[in-house]
Structure formats: structure tokens, C-alpha cells
Amino acid sequence: MPHGNEPHRFDRLPATAEERAVEGRPTRQAVVSWWDERFGIDPDTFQHHTFWERGAGKIWAFRDDFDQPTPVAIEGLGMAVLRTRQEHWKPTTEAAQRWGTAASRNVIHLDEPAAEAFLAGEDQDLAWDGDWGYLIAANDLAGAPEPIGVGLYVHGELQSKVPKGRQREF
Amino acid sequence: MDVLGRYEDLVDDVEAFRAACDRPLPSAVRVNTIKTTVERTREALDAEGIAYDPAEWYPGLLRLPDAQPGTNWPYVHGWTHGQEEVSAVPARVLDPAPGERVWDACAAPGSKTTQLAALMNDSGLVVATDNNLGRIAALRSNAERLGCTNVAVTREDARNHSLKPFEFDRYDRALVDVPCSCEGTVRKNPDALEDWTLDHVHEIAGVQKGILRRAVQATREGGSVVYSTCTFAPAENEAVLDHAIREADCELVDFDLPLAHVEGVRAWEGETYDESVRRAKRIYPHHNDTGGFFVARLEVTG
């Protein structure tokens, strides 16, 4: 059933481009591949989740054990994970925290002062010899790296994308 | 008016009750097992020099004698959630299993919703309902911060909860932690009793009955419903249960609660309630140095 993108309704992403009914809507395959290509997160990580669009380009991940019907008009369905329909897809802080520990690339490790500055929302000059673009920023907690959120790395600078409501100064 | 004085005949130790109500409430956090383990969280708190005291009755519930729950790395990473000790009781009594369908009828701001999600290993489904958009924003923010993906949020009056957005017609379990006169939160909000009126108690009891009735209807035969409040008023507690077991297909059942408590009261201000309301549990602030709480477990019989 073809239908347009409606701002207050969750619509499940089509599995593949062949099944796409709404122009510009990303596919499940594209979303899972993006996490794999950008961060090395195994597609199996999302085997129990379906992906949904609500609002243009905002993608939600939902643990879908009961084959939730589509479309659905409610206030929330799992968590917002990704902003698409733009040149560079941008993961959310919450998705970076939830799945970032499974990432094998494009994770920038911050020492304590850099982690605190990042959490406070500050941009900072940092050396990084990997890709430019959106990175997962992590610090060490209980002896292992733990993702804090998303940063944008360009021209030698890591810009903190921690939303205002999540920023903290210790 | 001396609201707490109304209950002096019910409590076992009036002096201790009054003294506890006057003390500020200790801080506590619940470890979010969707993102980490209790052991790693304790390690992280140790590394930050934050003292904690584990609550024996609930693995991963940690009292923080000196610290604010929200100003440290474990909080930022979504490993902990500030949650008062008795607030962790009803989800524990409901005891959902991974893969089940659960309704949280009065969900915002989401402490119990996220606790249910964690008890279910972020599987199955928690439908979290509230009727206030601002409170729903807080609920969604908490659910996302804690990494819950099995939560669906609906905005509606819980008394008229609709299952239309979903493909099933009954839940396995329901948590009915209703809006109430909040007498038991006086340690957290010293103003909690300022606007107290008997009319409000009776008005809100009507709402509570409606929500509990809907929860029993929406739960499968043999399923469980937990009813809870943070108030002492029998009109909002035993009277609501008495109404439910007479009007809906359900009965009160026994359950274990490893916290000091007393049984539900059978009579209050000239009214008497069904014998089985004694299966409900009252937690007074002086019992465990917590807020006041009321909790009951029902089984759906039809």
C-alpha cells in the first residue's frame, strides 16, 4: 500500500529498494549496511529490530518481537537512532551509546579532560588519523571503552554533537 | 490540616513514623542492566570515589549517601537511573519475563517503564501510556537514555486504553502505578501535602478504579496486574482493590516482598473491605527508611 511520509506516524522501512513505496525512504538494508560500513557493527546486531521512519529522515529502531503492524500512530516506538535523507547520515547519541561498544572503527578514544570537554558540548582540536565525518566518541569506564556520543571530525577539530539536554559539566 | 495524623491508628510506631516523614529522602540509583552489569557499575562508582550502599532486596539498587544521582560518568553513559528505593517495588512484584507483553498504564516519567524493560532484557514489548505530552517527553528521554528499544509510547487516558495500534488483544501483565495524593512522597517533596483535600482523594480514587478496571480487562486470563500508589489513604488503596475484585474478573494473590511492611487494612472510617485486601502490602517510611508505598498483586480470572 503506497503512502506518503507523515510527520506523526511511524512507517516501517522497506526491506530493500524493490519494496520501496515512498520516495526517498531509506531501506532496512541501507540502514544496517550503513552501521556496518561506517562503524563495523555486525548486521546481526540488529536481527531482532525493525526500523521505522517518523518525520522526514528520522529513523527509529524497535525491538519487534510481535511483528508490529505498519503504519502506527503513537508517540514513540523504540528509540531514534539515525537522521537520514541528508548527504551524511548522523547517528543519535542514544544509538551511539547503545551499539557503539560493538563498533570496530571510527571510534575516537578520549582521555579524561577531552571526554569532559566533549560532554560539556565543547569543540576541540584533536589529532585523528581516521576518516572525517561522524565518529563515536568514547572514554574509559570500569576498564573498557564506553561510548559517550557522536562527534563530527573535520579539519583537525572534533565537534561535540551531544544534545544540550544531555550535556553536563562535572 | 494534619494529613499524616489521620493514619496514626494504622501505623505500628507513630513516633518513628513521624520522625521518618520529617527526614529528607536518601538518594538511590538503579543499575540499568540493558547497558551494563551491576559489577561493572560498582567498579565505575568505586573508580569515581562515589560511595554506595547496595539494597539487599534488589540486586543493582544502590543507595548513594553522599552523591547526586545525575552528576557522574555512570549516569551519563546510561548505566544508572535515579530511582527512589520503594519506586523499584512494583515492577519487581510484577516480575515480567523476557518476551512478554506488558502494559505500564501510568508510565511517565519512566522509572518503572525502563525497569520493566530491563527486567525483560529489552525484549518483548512494554506499552507505556501517559496522557500528558510534557511528561511523555520526559518518559521518552529516559527510555532512550537507558537504551530501551522494546518500549512503545501511547498518549491517552489509561481508562480508555486502546490496543488498536497493536496486533494482540491482551497483555501478559500490567503495572498500574496510579496518580495519587502522594502522601508518601512527603520526604522528597515537603510541600506534597499542602494542597491535600479529602475531595481530591475521593476524586482521584474514581480515576484509579477506572484505570485498574481497564488494566484487568486488557490482561489475559491467568495474567498478573500490580496496583501501587505512593499514598497512605485507604480510599486510594484497599478501597480501590475492594472495588476491583467485586467489579472485574480478578482476585488478590499473595506475593513475597523482602522489605519490612504491614498487611493491607480491612476497615477505615466506618468502611470495611474484602478480607483479601490483607494480601496487599503497606510500606511506611520508618520501616526501611524510604518513602511510603502501597502495593498489591492481582491475578486475572476471566
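A salt bridge here is a side-chain nitrogen of Lys or Arg within 4 Å of a carboxyl oxygen of Asp or Glu. Keep that in mind as you click around this predicted model.

**Stop one: the salt bridge.** Select A:Arg98 and B:Asp122: they form a salt bridge, and their closest N and O atoms sit 2.7 Å apart. Between chain A and chain B, the count is one salt bridge. Polar contacts are another matter: 20 residue pairs make them across this interface, both partners at pLDDT 80 or more.

**Stop two: chain A's side.** Now colour the parts of chain A that touch chain B. Elements giving two or more residues include helix 2 (93-99), helix 3 (112-119), strand 9 (133-141) and strand 10 (144-154) of chain A. By type, the residues on this side split into 19 nonpolar, 12 charged and seven polar.

**Stop three: the whole interface.** Select both sides: 38 residues come from chain A and 41 residues from chain B. About 3200 Å² is buried between the two chains, with carbon and sulfur atoms giving 57% of that area. Then pick out A:Phe66, A:Glu75 and A:Leu141, the residues of chain A that lose the most area to chain B, together 22% of what that side buries.

**Stop four: inside chain B.** Show B:Leu212, B:Val225, B:Tyr227, B:Leu241 and B:Leu298, which have the most contacts inside the largest nonpolar core, a set of 60 residues. Zoom in on B:Leu298: beyond its neighbours within four places in sequence, the residues it contacts include B:Gly223, B:Ile245, B:Cys250 and B:Val253. Finally, select B:Ala108, B:Leu146, B:Phe255 and B:Leu257, which are among the 37 residues of a second, separate core.

Definitions and conventions: Residues numbered from 1 in each chain as written. Chains lettered and ligands numbered in written order. Predicted model: local features only at pLDDT ≥ 70, side-chain atom pairs only at ≥ 80, totals over all residues. Heavy atoms only, no water. Core = buried A, V, L, I, M, F, W, Y, C linked by side-chain atoms within 4.5 Å. Buried < 20%, exposed > 50% of the residue type's maximum accessible area, 1.4 Å probe, protein only. Contact = heavy atoms within 4.5 Å. Buried area = accessible area lost by both parts, 1.4 Å probe. Polar contact = N/O pair within 3.5 Å; in protein donor to acceptor, adjacent residues only side chain to side chain. Helix = DSSP H or I, 4+ residues; strand = E, 2+ residues; numbered from the N terminus. Nonpolar A, V, L, I, M, F, W, Y, C, P; charged D, E, K, R; others polar.
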